[in-house]
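Visitor: Hello! Could you walk me through this model, one question at a time?

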Amino acid sequence: MLLIDKEGMVVNPRVHAARATSIERGQMKLVSGIIVHQTGGSTAQSSLSSYKNPSANGAHFLIEKEGTIYQTASLSQQTWHVGKLKARCLLENRCTPVEIKALKTFSPTAENKREMAKQAPARFPANQDSIGIELVGEAQANGSYVAVTAAQNDSLKWLVAELSQTLGIATTEVFRHPDVSRKNPSEASTAAW
Amino acid sequence: MVGRWWIAAALGLAASLAQANDGCSAGSEFEPRLCPSGLPAIKQVIIQQNGMKSAQETNPAVRCDDFKLSVRQVRQFLTQAGEVDKQDALHQLDWSPCYASGEVRFKDGRVGLWQISQLRQGSVRLGEGEPVYLYCPACRARPFKQP
């Protein structure tokens with residue numbers, strides 16, 4: 001069980017505070033799930049530096065290759081880390097005929113709008129109601145993300161378990177980024193929790 | 001004291017005006033902040049790959065044959081696209097498995113490698129550094145899919 005202070009910051013020796021209010025995008029009233037990402041960069045420092053930009057976007061946690069966990073945004077604040085949602089009913093083979101018909105016209109914007117009219121878990125967790133965890137990891141020349149390190153997976157497993165227990169998040173509501181929106185399928189593909 | 005306050009206020013106003021006048025759009029939850037790319041004028045575009053499917057796409061049903069750009073369309077993309085932050089390119093914008101790629105020669109003598117995806121995202125790599133990440137919401141040529 002994690003201790004979370006009134007600012008939404010985790011108080012635990014394994015979590016280093018590196019809050020960047022510039023990436024916070026308004027109050028998050030409810031947490032429905034967790035989305036696991038890879039940064040696209042090779043060091044935590046490059047992400048932490050970019051978060052200083054007033055228009056920067058990021059996620060709530062950042063895990064360095066050697067396993068150090070940074071908390072980069074308050075858990076009571078949204079961050080824009082998800083992008084447009086894919087239709088969850090497609091993945092779970094439960095789309096209605098009306099949804100199937102609508103999905104025949106390719107439009108990620110319209111698809112996202114339809115999804116956002118639902119409540120999680122009928123849709124995937126979104127910016128409004130999810131915690132984002134970034135794993136430091138670059139995309140290689142062939143477009144594939146590097147493998148997540150064992151140290152990162154150890155930290156990720158601990159963090160996901162603690163957040164799930166503390167905030168009451170079901171294990172079925174933890175996703176890799178490409179599961180919930182249109183992203184490079186190799187992103188976080190080697191993440192394990 | 002009052003004089004110092006006015007100087008501070010004037011400096012703050014100048015800073016905010018500079019930010020407003022940097023040529024960048026504000027951005028939103030699903031549209032990234034776009035800034036002028038600063039790429040030099042184009043001399044020549046060479047297409048090396050067209051209608052390609054990313055090796056990262058594991059779904060065999062996905063086809064990219066319909067994503068074939070002309071030299072004119074590539075030139076338009078590189079001219080009209082704005083620069084986006086790497087984080088926004090990777091996290092905010094939609095990824096497409098379909099892409100075209102090639103070389104671009106600029107009038108200032110520099111040579112770059114470009115890549116453009118079907119969802120109007122692209123990049124230009126000049127030398128060994130990070131590529132310039134691009135997004136072109138204004139590009140509406142037929143091969144592109146509208147988001």
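This is a predicted model: local features need pLDDT of at least 70, side-chain atom pairs count only at pLDDT 80 or more; totals for chains, interfaces and linings use all residues.

Visitor: Asn93(A) has a positive phi; is Asn93(A) buried or exposed?

Guide: Asn93(A) is found in the loop between H2 and H3 of chain A. Its phi is about 50°, although Asn93(A) is not a glycine. Because Asn93(A) has 6 C-beta neighbours inside 10 Å, it counts as exposed.

Visitor: And Ala188(A), buried or exposed?

Guide: Ala188(A) sits in the segment after helix H6 (177-180) of chain A. Phi of Ala188(A) is also positive, near 60°, in a residue other than glycine. Ala188(A) has 25 C-beta neighbours inside 10 Å, so it counts as buried.

Visitor: Which peptide bond is cis, with omega near 10°?

Guide: Look in the loop between H4 and E7 of chain A, where Pro121(A) is found. The cis bond with omega near 10° runs from Ala120(A) to Pro121(A).

Visitor: Which strands stand at the edges of the open sheet in chain A?

Guide: Six strands form this sheet in the order E3-E6-E5-E7-E4-E8, with mixed pairing. An edge strand has a single partner strand, so one side of it is left without a neighbour in the sheet. In chain A the edge strands are E3 (15-17) and E8.

Visitor: Which helix packs on that sheet, touching E4, E5, E6, E7 and E8 of chain A?

Guide: Within the sheet, E5(A) and E6(A) run antiparallel and are joined by three bridges, with Ile63(A) opposite Ile69(A). The helix you want makes about 180° in direction with E7(A), and it is H5(A).

Visitor: Which residues touch the most other members of the largest nonpolar core?

Guide: This core has 31 residues. Elements that give two or more residues to it include strand E4 (33-40), strand E7 (130-138) and helix H5 (150-167) of chain A. Those that touch the most other members are Ile34(A), Val36(A), Phe61(A), Ile63(A), Ile133(A), Leu135(A) and Leu156(A).

Visitor: How many residues does the other core have, the one with Leu90(B)?

Guide: That core lies apart from the largest one. Among its members are Leu90(B), Leu93(B), Cys136(B) and Phe144(B), and the number of residues is 27.

Visitor: Where the chains touch, how many polar residues are on the side of chain A?

Guide: There, 23 residues of chain A are in contact with 19 residues of chain B. E4 and helix H4 (108-116) of chain A each give two or more residues to this side. By class, the side of chain A has five nonpolar and three charged residues, and the polar ones number 15.

Terms used. Residues are numbered from 1 along each chain as its sequence is written. Chains are lettered from A and ligands numbered from 1 in the order in which they are written. A nonpolar core is a set of buried Ala, Val, Leu, Ile, Met, Phe, Trp, Tyr and Cys residues joined through C-beta atoms within 7 Å. A residue is buried if 20 or more other C-beta atoms lie within 10 Å of its own, exposed if 12 or fewer, and partly exposed in between; C-beta atoms are placed from the backbone. Helices (H or I, at least four residues) and strands (E, at least two) are DSSP runs, numbered from the N terminus. Two residues are in contact if their C-beta atoms, placed from the backbone, lie within 7 Å. Ala, Val, Leu, Ile, Met, Phe, Trp, Tyr, Cys and Pro count as nonpolar, Asp, Glu, Lys and Arg as charged, and the others, Gly among them, as polar. Two strands pair if DSSP finds at least two bridges between them. Axes are lines fitted to C-alpha atoms, for helices over the stretch in contact, and angles run from 0 to 180 degrees between N-to-C directions.
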